[in-house]
Amino acid sequence: MSRISEVADRAGVSAMTVSRVLNNTGYVSAATRARVELAIAELGYVPNALARQLRSKRTKMLALVVSDISNPFFTTIARGVEDAASARGFAVMFCNTDESEEEESRYLRLLVERQVDGVLLVPAQNAAASLRLLRAHDIPMVVLDRRASRHVDNVRCDSEAGAHALARHLVELGHRRIAVLTGRRRISTSADRVAGVRRALEEAGLSLDESLVRYGGFTFGSMLPDGRLMAQEVLAATDDPPTAIFAANNFIAFGAVRALRELGLKVPDDISVVAFDDIPAEWVDEPFLTVAAQPAYDIGRRAADVMIDRLLGERTGGGESVVLPFEVIVRRSTAAPRARPTSRVPGHLAGLATRSDGGQPLQAARVP
């Protein structure tokens, strides 16, 4: 195994200069850097990470803990984190919790044992316990996507404002009864998106009918079936069904659209649909959902930069909140509501057993 002194001899520089190139610190001319990098390649030199860790008390390793890595929103966040971290000499470890507090706790204890330098966390529920654990071991944390206390750095999009903008679009089209299909009650993005719809309706002199609000899952494995079931519920649970559906993310929206098609309802002819989050352009030939698109890549990139700034002492003081803008993209899934006959819900929904908030059974649905 080559040593740093051999690299220095091959490049005709000091070991300190090689160290500066390896750690990207201090000034090194472009020509000297090129000679050192060539020597490293020729000798196949690999730095001793353990020795460097013992000297610097840093692992140069960050951890990104997300609720559902299969969701393209979090995959894109991960890419932003990785690109920003790599540019500054850090590596990233990825962990997936499936919105489970138990899994989150297990991963964080493992990361403490591995002595990662910092944790970027999308909390399953409340980040307070995770913050206490990491602070006890002097490991900084940045919360992504969801609201956090003022004691911790936070990078997210404005869920309440984005939901408000989508609901206002529906109200301006003439919709007065809007169903809201969202994630678990204790997740801040779920609550914020319901609050945004409620505010838009209240500003128009309307109110959100709580019978049209359903709470389900935010993870990929549950979103489609939960979106489908929640859509069935709100259509069957009232004599005055909604003319529009607000879905708190794109996969809940896909589940809802599937339910509508199964019931013989057309989007947007019979019912309009909007969603928080867009989907990657390569997933569909012609996107049709009206959405509030979040800058997922920028959320990840900014979160990594905030973390590394903290680690390098370039950012001090209490927790900071970075709120990035969203973009409303109007497509073919929304239109003005049409007049409907009195009986608007297919008869085969009669007696449908419904559930809400992650699977709790409700009374049988009423059908007009």
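**Close-up views of a predicted model**

**View 1. Strands β1 and β2 run side by side in this predicted model.** Strand β1 covers residues 61-66. It is joined to β2 by 6 bridges. The two strands run parallel. Look for Val65: opposite it, in β2, stands Cys95.

**View 2. Six strands form an open sheet.** Read across the 6 strands in this order: β2-β1-β3-β4-β5-β11. The pairing is parallel. Which strands lie at the edges? They are β2 (91-96) and β11 (321-324). Each edge strand pairs on one side only. Neighbouring strands in the sheet are also turned against each other, by 15° on average, with direction ignored.

**View 3. Helix α6 packs on the sheet.** The helix spans residues 101-113.

**View 4. Asn249 sits in a loop.** The loop lies between β8 (244-247) and α11 (250-262). Is Asn249 buried or exposed? Its relative accessible area is 2%, and buried means under 20%, so Asn249 is buried.

**View 5. Asn249 is shown with Phe251 and Phe73.** The side chain of Asn249 reaches the backbone nitrogen of Phe251. The distance is 3.3 Å. Now find Phe73. In sequence, Asn249 and Phe73 are 176 residues apart. In space, their C-alpha atoms are 9.6 Å apart.

Notes:
Residues are numbered from 1 along each chain as its sequence is written. This is a predicted model: local features need pLDDT of at least 70, side-chain atom pairs count only at pLDDT 80 or more; totals for chains, interfaces and linings use all residues. Side-chain values use heavy atoms; hydrogens and water are left out. Two strands pair if DSSP finds at least two bridges between them. Helices (H or I, at least four residues) and strands (E, at least two) are DSSP runs, numbered from the N terminus. Axes are lines fitted to C-alpha atoms, for helices over the stretch in contact, and angles run from 0 to 180 degrees between N-to-C directions. Contact means heavy atoms within 4.5 Å. Buried means under 20% relative accessible area, exposed over 50%, partly exposed in between (1.4 Å probe, protein chains only). A polar contact is a pair of N or O atoms within 3.5 Å; within protein, one must be able to donate a hydrogen and the other to accept it, and residues adjacent in sequence count only if both atoms are side-chain atoms.
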